[in-house]
Number of protein chains: 2
Amino acid sequence: MSEEQLSEEQFHQMALDKLETGTIAPNRSPTHYTRAILLLPGAVDFAAIQRDFPQFFRDQGDILQIAVDKGIDKADQLNGVDYWLGDFDSSVHLQVDSSKYSAKIPYPADKNETDTELALSLVKACGVSEVLLIGGIGGRIDHQMALLFYPLQYSSLQFYHSDGRQSFYYLQPKKCYHIPAKAASLVSVIALTDLTGLTLTNVQWPLTDYVLPLGRGLTYSNRAITSTIEPAITAEISAGNAWLYLSIPEQDDSL
Amino acid sequence: MSEEQLSEEQFHQMALDKLETGTIAPNRSPTHYTRAILLLPGAVDFAAIQRDFPQFFRDQGDILQIAVDKGIDKADQLNGVDYWLGDFDSSVHLQVDSSKYSAKIPYPADKNETDTELALSLVKACGVSEVLLIGGIGGRIDHQMALLFYPLQYSSLQFYHSDGRQSFYYLQPKKCYHIPAKAASLVSVIALTDLTGLTLTNVQWPLTDYVLPLGRGLTYSNRAITSTIEPAITAEISAGNAWLYLSIPEQDDSL
């Protein structure tokens with residue numbers, strides 16, 4: 001069976017087999033992974049991402065690293081990745097050195113899942129609890145929307161998503177998030193469903209136990225009022241699904 | 001009372017007063033408006049928009065035209081607009097000739113609604129049934145997300161949203177949409193809630209009466225297979241909330 005003929009059903013088994021037989025990293029087993037990084041296409045400020053999400057860079061032995069299609073262009077920043085995955089429709093003409101990945105997992109372009117969904121399924125199958133999506137911000141709006149809705153399918157995963165200038169923190173209900181933010185950073189809560197119990201502090205317009213019906217603009221374009229004493233905003237919801245969006249103060253407001 | 005001190009509560013009344021007293025267009029009454037155009041910030045291909053949404057350009061006497069803040073930069077394309085509305089935080093340094101609008105409606109930056117929400121509230125108050133948002137695609141992701149969720153607040157309005165290269169058609173349940181599309185155009189259904197009865201024809205991967213849980217990638221990156229005989233794709237949902245996203249064939253897939 002050539003890799004090109006791989007069926008949808010065979011994908012996860014093949015990926016997990018490669019993982020279990022040590023094709024990727026002989027000293028690891030799937031249970032070792034608690035976090036994962038997905039490299040997606042698009043320009044990023046890698047130094048800013050490393051500063052803002054240090055838990056994903058502390059011990060790379062603990063982190064499952066996957067490049068999704070053209071996201072392989074950032075593999076050097078991680079000294080190579082475990083998997084390079086995709087239908088490769090956007091990277092067919094790329095020259096990629098095989099030292100940049102341990103295993104390449106091709107996939108038919110005509111499939112029911114997106115490349116990123118396949119990567120997330122693999123992440124979930126490996127027992128990961130936190131995933132950082134690097135890149136994938138901007139570009140085609142439908143792609144962006146798909147990315148922002150994936151947490152509803154992979155509800156066991158804590159999602160983060162960043163290009164170093166704009167970052168998204170998925171708010172799982174009943175957890176309190178402390179998110180370091182420069183003073184005057186833009187802060188928006190992007191509700192994906194109706195929200196209850198929305199509490200937001202250290203921002204210009206704080207909210208306490210707020211009920212937000214879906215489709216209201218109230219929670220957009222807030223501003224962090226943080227300091228050296230309180231360097232983080234906090235966010236919490238009781239029920240619902242939402243992203244906390246944070247962008248650097250100098251991020252352009254306009255189009 | 002200076003315009004700068006206008007309170008939130010006074011806004012709609014003032015706008016409607018201006019409309020009723022004929023400040024804007026003496027020969028019109030609010031009941032004449034069946035469609036509205038909102039000019040939002042951002043570059044657009046105006047000729048393509050006029051071609052794809054002719055019903056908004058046929059009889060300008062029937063169309064309420066509102067420029068939202070920096071969207072005034074496109075007012076020339078409509079030979080001026082009825083309202084120029086906003087907190088003007090993004091256009092404070094713009095030199096705008098007063099011939100470009102009939103009435104200017106300023107608004108405090110510190111408010112519970114976004115500029116676009118205020119414009120939509122006005123559109124709704126004027127009895128409009130269909131609204132075309134021109135521009136506002138790309139740029140800050142939180143702004144984009146806010147725009148895509150507004151139909152849930154203004155559920156009586158049929159929404160369209162376009163920059164001429166990428167267009168969004170809001171799918172109201174139980175209506176069948178015939179959407180002209182060049183062959184090979186990208187087609188995605190962006191679900192905002194769980195969907196039932198999703199039917200999509202004249203695309204590479206058609207769907208019939210499909211049940212789509214929120215957060216799945218299945219309905220992204222389809223392709224129109226239209227022809228001179230069947231120049232339109234069709235889309236329909238039984239229940240739920242969704243956008244049909246359509247972009248020109250040569251739209252860049254990647255970041």
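This report walks through a predicted model with chains A and B, from the sheet and helices to a few single residues.

## Ground rules

Local features in this predicted model need pLDDT of at least 70 and side-chain atom pairs count only at pLDDT 80 or more, while totals for chains, interfaces and linings use all residues. Residues are numbered from 1 along each chain as its sequence is written, chains are lettered from A and ligands numbered from 1 in the order in which they are written, and side-chain values use heavy atoms, with hydrogens and water left out.

Helices (H or I, at least four residues) and strands (E, at least two) are DSSP runs, numbered from the N terminus. Two strands pair if DSSP finds at least two bridges between them.

Chain A has an open sheet of 10 strands with mixed pairing, in the order β4-β3-β2-β1-β5-β6-β7-β14-β9-β12. Its edges are β4 (101-106) and β12 (222-223) of chain A, each pairing on one side only. At the β4 end, β3 (residues 81-86) of chain A runs parallel to β4(A), joined by five bridges. One of the facing pairs there is V81(A) and Y101(A).

Helix α3 (residues 115-125) of chain A lies across β1 (35-39), β2 (63-68), β3, β5 (130-134) and β6 (158-162) of chain A, at about 165 degrees to β2(A). Axes here are lines fitted to C-alpha atoms, for helices over the stretch in contact, and angles run from 0 to 180 degrees between N-to-C directions.

## Helix α4 of chain A

Helix α4 (residues 141-153) of chain A has 13 residues and spans 19 Å between its first and last C-alpha, close to the expected 18 Å; that expectation is 1.5 Å times one less than the number of residues. There's a kink of about 25 degrees at L147(A), shortly before P151(A). The bend at a residue is the angle between axes fitted to the seven residues ending there and the seven starting there.

How much of α4(A) is buried? Mostly covered, the helix has 10 of its 13 residues buried, where buried means under 20% relative accessible area, exposed over 50%, and partly exposed in between (1.4 Å probe, protein chains only). Among the buried ones are I141(A), M145(A), L148(A), F149(A) and P151(A).

## A strand in chain B

Strand β9 (residues 186-191) of chain B has six of its six residues buried. L186(B), S188(B) and I190(B) point one way, while V187(B), V189(B) and A191(B) point the other way.

Both of its listed pairings are antiparallel: two bridges link β9(B) with β12 (residues 222-223) of chain B, and six join it to β14 (residues 242-247) of chain B. L186(B) has a partner in each, namely R223(B) in β12(B) and S247(B) in β14(B).

## The annotated domain

UniProt's unreviewed entry puts "domain: Thiamin pyrophosphokinase thiamin-binding" on residues 178-243 of chain A. UniProt positions are given in the numbering used here, feature names are shortened, and annotations may be inferred rather than shown by experiment. Over residues 178-243 the chain is 0% helix and 47% strand, with the end C-alpha atoms 14 Å apart.

Strand β13 (residues 232-236) of chain A has four of its five residues buried. On β13(A), β8 (residues 177-180) of chain A pairs antiparallel through four bridges, with H178(A) opposite T234(A).

## Residues worth a click

F168(A) sits in strand β7 of chain A and is buried at 0% relative accessibility. Its C-alpha is 6.3 Å from that of L246(A), 78 residues away along the chain. Setting aside neighbours within four places in sequence, its contacts include L148(A), I190(A), W243(A) and, from the other chain, I141(B).

Two non-glycine residues have positive phi. D69(A), near 50 degrees, is in the loop between β2 and β3 of chain A and is buried at 4% relative accessible area. S221(B), at about 60 degrees, lies in the loop between β11 (207-212) and β12 of chain B and is partly exposed at 29%.

Notes
Contact means heavy atoms within 4.5 Å.
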